[in-house]
Every structure is written in structure tokens, then in C-alpha cells.
Amino acid sequence: MVSVDGNPQGLEHSAKTARSAVISASSVDLTFQTNDGPVHALKDVSLDIEKGDFVSFIGPSGCGKTTFLRCIAGLETPTGGALSVNGMTPDEARRARAYGYVFQAAGLYPWRTIGGNVKLPLEIMGYSKAEQEARVRRVLELVDLAGFARKYPWQLSGGMQQRASIARALAFDADILLMDEPFGALDEIVRDHLNEQLLQLWARTEKTIGFVTHSIPEAVYLSTKIVVMSPRPGRIADVIESTLPRERPLDIRDSPEFIAIAHRVRDGLRAGHADD
Amino acid sequence: MRSVLPVLTIVAFILGFWTLAVVPMNIHLAADQAARGDMVVEPDDARARQEVGAFALALGNPAVIPMTYTLDRPRLPGPQQVVVELWNTVFAVAPTSNRSLIYHGWVTLSATLLGFGMGTALGIALAVGIVFSRTMDLSVMPWAIASQTIPILALAPMIIVVMGALGIQGLLPKAIISAYLSFFPVVVGMVKGLRSPDAMQLDLLRTYSAGPAQGFWKLRLPASVPYLFASLKIGISASLVGAIVGELPTGARAGFGARMLVGDQYGQPLVTWAALFAAAITAAALVGLFAALERVTLKRMGMAA
Ligand SMILES: Nc1ncnc2c1ncn2[C@@H]1O[C@H](COP(=O)(O)OP(=O)(O)OP(=O)(O)O)[C@@H](O)[C@H]1O
Ligand SMILES: [Mg+2]
């Protein structure tokens, strides 16, 4: 507990100033106008995400994790504050195809094969036929689905479908990957496996990842930075810089360091609830 | 295969009921005919027979019962009479003959298919417009719904007469009535199908910064295919009904509708019944054709599950 409390010196990015923030939010506010009156989904959210960061968002249901991710993606427009992605507005970044987005459900097109689904963004973005084939092969290998290009989604398990949807988000050259509870519906064992794969993939591709989850171990295991959020209105309760090394075998989860970070996340979550 | 038994049971039940119903329906006619011949019928007097109920008459004259199945102009023909008439007019006469149901069937079918093609094209075009234009959504849909509340029996003669006044006769007026009936299910089904992709799937395309045309070809159109087939199956049978109705008011000389009318007007119920059954069989065949097409298409699209 003590070792990670306060500002963790160990992993505080020494080159922070040299690195530019890929995603930068300052005092982002978002109020939805609904039939039952306004819903204050995000309040005063300020956060910098640097290149190569793996940032997890964790918090109770309804605290605005999805909403914030959608703001970054330009799918939702903040009603206040400033948000920039790659130095552009989120909408410009969306049009520049700056990120891949993985939704909670795999959402594969049932009339397309796995290969065809991965090809979808490439077709839309106008890659050449040969380039499409090459990329589909490469990303399917990356997510361990090499032999499944010609199968239809219903022929795959839920975990495989989710991996295919990750491959789809990786197929084009976006250096940001936004993932909204991609493994939420999967069982623990599959989830562990996919977490491991995701870390390897992150190391290989050097992407910047924003990752929403409900699971404390998952957040701690994956992230370089954990953003704990609290509800009503959604805001940041704590930002924890991980002291874990980038190389993380699964059994790192039994280390005292891991447990200490998990404790601090849990405390942050509890504090958010106590405010109610 | 498992559905065969229940279907056969229902068919057997209907046939049985029909066969039994022939006796009371025709017993008076049969008794009259028998009395005109050499048979002794009870009661003997024709006037008196009218007073007797059908069942009583049948019980009193069991010998007459077989004759109820063989009348030339029965009130209700026996199933076997309809089958024989169908056989004779489909297989036993030249397909070009005026008596051939193949000939009449083709006349009706050509109008049906033309009208169905027009109705489907119109329906898809309207659906695309409705989905992409809010103005069309608000303006077209109420009219499409209102159009279907006008009884086609009232409208058909007007269409035939107006087009006849313009010098257009034959195939096209009937096809227009068919199109009028078949475009509606296509509009409703296609609008539903084109709107079937959920918010997440639409958001996914937004993250790729895809344009509306790409959204249409890559997502909305393929997603609408199962809905389209459901509509086509309704549309094709509606088209057939439209073509037949289009043949009724003009005293058309050819087509299923014309045969039904001829049978009625010249007191040949067998002709009417045979035409009715031929039309029903044609409808079933068309729907079956589209069901098969649906299976093949969805299978090739990978959506057969
Ligand atoms: N489109 C919308 N219109 C109105 N209110 C919305 C909309 N989207 C989200 N909200 C509201 O904003 C708040 C935050 O929702 P959000 O989906 O971001 O929560 P979340 O943290 O992702 O929750 P969960 O963990 O359950 O996914 C909720 O109160 C929700 O009801
Ligand atoms: Mg969410």
C-alpha cells in the first residue's frame, strides 16, 4: 500500500515533457438532455494520455466510462471543456481515422466471413485488394485466428468473435485503440488468456490504448495508468500510475506490488461510493 | 419432414369435411334429377321436397346420395370432380386452347410477374427514400398506408376504365393493380430491414468515417435481405390476387379471373372451382419458389442458422 501511495516515483515517466500527450482532456463536461431532464454524465474530467500508454478506466456502472471513451472517439460531443486527440478535435481525428474502436459486443456482420469482417474498414478506407489480403492475414495471425478467415461469425465462440473484432480495429493504421469492456462477457479463463495476448499485442504494436473495464485485476494487470471514476456526476476520483514493469507474466498478479495497486484502486472506488 | 404429418392431418380433415358437405349441399338438386329419371324419390312432389331439410332428404333417399357427387352443375362439387376438371383442363387439352388452364394461368401469371416486378422496384425505391430522407419518411409513409385502406375491388374497375380510356388495355392495367397491392409489404419490410442495424453497428461505421453510400451498401442493404424476402413472399401472392381482381370487372376473356367469372355466369361451377384451385396452387408455387430462393440466398450469405 505504502509503496504506491501518493505519487509513484518509480514509473513516473521521466520523459513526460518530451512525450506529447496523444489524448488530452481538460475540464470536459457532458450533460445529456433526456426526457426525464438533464443527466450530468461527465464533470470536470481532465486527463492526459501519452503515446504508448495503456490507460484503463474503471468505476461503477453509470459513472461515464463509455461516455468518456465515446467523447474521445468523436461519437459524443462534450458540452464543456476541451478535448484533443492527436492535436485535433475528436471529430477531426475520427475523420482522419486516428483510432480503432472495439465495442462491448463483437458486432461482426453475420453475412461476412471473419476475413470479410476484418476487411470491412479496409474496404471503406480504400486499401488496395492486395493490401487488404495481406493485412487481414497479418492481424488475424496477431489475434491467433489465422485459420479462421473463411469461417462465419456464428461458427466461432464468443471469445474468438471478440478477438476478430479486435483484429478488425487493428487492421488499419491507427495508433490509438479504444476498447469498451471488450472482455466483459467472457469467462475468467478466456479473459486471462486474452489479457495476456492483448499485452503482447500492445508491446508489439506500440499503440496507445484506452480500455474500459469493471474488473480490478484486469485493470491493474494491463495498465500503465488506471483512471478510477465515480458516478453522479461522472468524474475522476483517482489516477494511479502503475509501478509494474511492462513485461508482465500472468503470475505477477500474486506479487505484493500488484496487490498494493489493486488495493488503491479498490479504495478509490469505495471513496467514490461514499460520496453518495 | 416432421411437419408433414400435421399438415397431412389438416388436409385430410378438410377433404373429409368437404366430402361430407357435398351430400347436404347437393341433395335437393340430385333428388330433382333422380325424380326426372326413373327413380322413386320420397317425397315425390318437387314442391314438397323443398320443404324437407337436407339431412332428412338424404336419410329418406340413401340411393340418391351417390348422385350428389356426380352432378353436372352441383352447388358444391365433390373433390374428385374438381380434381378431374383440373386434370382435364391442365393436361388433357392443348396449352393454347381457350379451355386450357395453362393458357389462362399464363395470362394471369404474366400480369402478376410484371406487376410484382414494378411493385417491388417501387417499394424498394420508396423504402430507400424513406430511410435516407426525413421528409420522405414523414410524407410517403402515411400515403402508403392510406393507399392500402382503399378496397381493391372498388379501385380496380377505376384503374381498368381510366387506362382503357387512355387506350391502354390488357397486361399493363392488371399489372398496375398487382403493383398497387405488392409494393406495400415491400416498403414496410424494406424500411424495417434498412433500419435494422443497431446503434453500435452504425457507430462502428462512423469510427471508420464511412459515408452514407458505404453505410447503405455495406451495412443497411445486406442487413435488410431477410426482411426483403419476408416481404417478397407476401408481395407475390398479393400480386396474384391483384391480377385476378383486375380480370373481374372488365369481362376479360382470358386469365384465372375470367374463368371464375365465366363459370359463374354460365352456371358451370366446376370451371370456377378449377380456376380457384389453379390460382391457389399457382400462389403456393410462387411463395414456395421465393422461400427456396430465400434459403439459398441466406445460405450463400452465411446467414442460414
Ligand atoms: N445517449 C445518452 N442519452 C442520455 N443519457 C445517457 C446517454 N448515454 C449515457 N447516458 C447516461 O450517462 C451516464 C453515464 O453512462 P455511461 O454509459 O458512460 O456509463 P458507464 O460508466 O459506461 O456504465 P457501464 O459500466 O454500465 O457501462 C448514465 O447515467 C447514462 O444513463
Ligand atoms: Mg459502459
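1. Let me start with a pair of helices in chain B: H6(B) and H8(B) cross in a left-handed way (left-handed if the near helix is turned anticlockwise from the far one by less than a right angle, right-handed if clockwise). H6 covers residues 134-147 and H8 residues 171-194, and they pack at about 135° with axes 10 Å apart. Axes here are lines fitted to C-alpha atoms, for helices over the stretch in contact, with angles from 0 to 180 degrees between N-to-C directions. H6(B) and H8(B) are therefore oblique to each other (under 35 degrees is roughly parallel, over 145 roughly antiparallel, 65 to 115 roughly perpendicular, the rest oblique). Helices (H or I, at least four residues) and strands (E, at least two) are DSSP runs, numbered from the N terminus.

2. A word on conventions: this is a predicted model, in which local features need pLDDT of at least 70 and side-chain atom pairs pLDDT 80 or more, while totals for chains, interfaces and linings use all residues. Residues are numbered from 1 along each chain as written, chains are lettered from A and ligands numbered from 1 in written order, and side-chain values use heavy atoms, without hydrogens and water.

3. Please look next at H10 (residues 212-247) and H12 (residues 269-300) of chain B, whose axes come within 10 Å and cross at roughly 165°. That makes H10(B) roughly antiparallel to H12(B). Their crossing is right-handed, and the contact has 16 nonpolar, three polar and two charged residues.

4. Around ligand 1 there are 13 residues (a heavy atom within 4 Å), with A:Ser61, A:Gly62, A:Lys65, A:Thr66 and A:Thr67 the closest. Among the polar contacts (N or O pairs within 3.5 Å), an oxygen of ligand 1 lies 2.7 Å from a side-chain N or O atom of A:Lys65. A polar side-chain atom of A:His214 is 2.8 Å from a ligand 1 oxygen.

5. Two backbone details in chain A are worth a look. The peptide bond from A:Arg232 to A:Pro233 is cis, with omega near -10°, and A:Pro233 sits in the loop between strands E8 (225-230) and E9 (235-241).  A:Asp44, in strand E2 (residues 37-50), has a positive phi near 50° although the residue is not glycine.

Conventions: Polar contact = N/O pair within 3.5 Å; in protein donor to acceptor, adjacent residues only side chain to side chain. Nonpolar A, V, L, I, M, F, W, Y, C, P; charged D, E, K, R; others polar.
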